[in-house]
Amino acid sequence: MNMPVNDAAECVQKVKDRNMGYLFENMEKMDIQEERRQRKAAEKRAKIAEQKAEMAEQKAEMAVQKAEMAIQKAEILMQETEMAVQKAKETFKDEINEKIIESSVQLCQYLHMEKEDTIALLIEKNNLSQADAVVKVELYWRNS
């Protein structure tokens with residue numbers, strides 16, 4: 001029994017004196033079978049609550065894993081997008097440079113410049129090789 005030392009000593013004394021009739025007089029009535037049923041029901045509820053907590057923890061772990069996977073997918077998509085943008089920039093830059101070369105050749109022709117002078121201008125202003133400049137002039141020079 002969990003009680004103060006004085007009370008325990010008094011109970012022990014009553015047992016020794018064989019005066020136990022009054023030992024339980026102030027005690028509340030108790031149905032042991034009902035207490036056992038209530039304890040089992042409480043244990044069952046506790047076990048169910050524990051199982052629910054474990055399931056909730058597992059669901060939370062799965063949600064974290066799904067979130068991490070979504071973040072990884074988003075990072076991959078970001079990298080792919082950055083690569084596509086870079087490629088588009090390079091393509092766009094190449095197209096603009098080609099238009100500049102075409103316009104330059106046509107302007108030189110309009111100003112009645114010689115093909116050799118046009119080739120030299122393309123080499124100087126557009127950093128083209130001699131062979132590339134010749135190809136561009138032949139491609140964009142209009143025969144009138």
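**Model and confidence**

This is a predicted model, in which local features need pLDDT of at least 70, side-chain atom pairs count only at pLDDT 80 or more, and totals for chains, interfaces and linings use all residues. Residues are numbered from 1 along each chain as its sequence is written, and side-chain values use heavy atoms, with hydrogens and water left out.

The pLDDT score is the predictor's confidence in each residue, from 0 to 100. The chain averages 89. A score of at least 70 is reached by 91% of the residues. Helices here are DSSP runs (H or I, at least four residues), numbered from the N terminus. Confidence is lowest in helix H1 (residues 5–16), with a mean of 76. It is highest in helix H4 (residues 130–140), at 95.

**Salt bridges**

A salt bridge is a side-chain nitrogen of Lys or Arg within 4 Å of a carboxyl oxygen of Asp or Glu. The whole structure holds six. Three of these pairs are tabulated, among them Arg-39 with Glu-43.

| Lys or Arg | Asp or Glu | N to O distance |
|---|---|---|
| Arg-39 | Glu-43 | 3.0 Å |
| Lys-115 | Glu-138 | 3.5 Å |
| Lys-125 | Glu-124 | 4.0 Å |

Take Arg-39 and Glu-43. About one helical turn separates them, because they are four residues apart in helix H2. Arg-39 is partly exposed, at 43% relative accessibility. Glu-43 is also partly exposed, at 45%.

Lys-115 pairs with Glu-138 in a salt bridge. This pair links distant parts of the chain: Lys-115 sits in helix H3 (residues 115–126) and Glu-138 in helix H4, 23 residues apart. Lys-115 has a relative accessible area of 27%, so it counts as partly exposed.

Lys-125 bridges to Glu-124. Here Lys-125 is exposed, at 58% relative accessibility. Glu-124 is exposed as well, at 55%.

**Surface patches**

Patches are made of residues with over 30% relative accessible area and no salt bridge; like charges are joined within 9 Å, and nonpolar side chains (Val, Leu, Ile, Met, Phe, Trp, Tyr) within 5 Å. Lys and Arg count as positive and Asp and Glu as negative, while His and the chain ends are not counted. Each charge is placed at NZ of Lys, CZ of Arg, CG of Asp or CD of Glu.

One patch is negative. Glu-50, Glu-54, Glu-57 and Glu-61 form it. Glu-61 belongs to helix H2 (residues 32–110). Its relative accessibility is 44%, so Glu-61 counts as partly exposed.

Another patch is nonpolar. It consists of Phe-92, Ile-96 and Ile-100, which together have about 270 Å² of accessible area. Such areas come from the Shrake-Rupley method with a 1.4 Å probe; for residues, only the protein chains shown count as cover. Ile-96 lies in helix H2. This residue is partly exposed, with a relative accessible area of 36%.

**Loop residues with positive phi**

His-112 is not a glycine, yet its phi is positive, near 60 degrees. It lies in the loop between H2 and H3. His-112 is exposed, at 71% relative accessible area.

Asn-127, not a glycine either, has a positive phi of about 55 degrees. Its place is the loop between H3 and H4. Asn-127 counts as exposed because its relative accessibility is 69%.

Note on methods. Helices (H or I, at least four residues) and strands (E, at least two) are DSSP runs, numbered from the N terminus. Buried means under 20% relative accessible area, exposed over 50%, partly exposed in between (1.4 Å probe, protein chains only).
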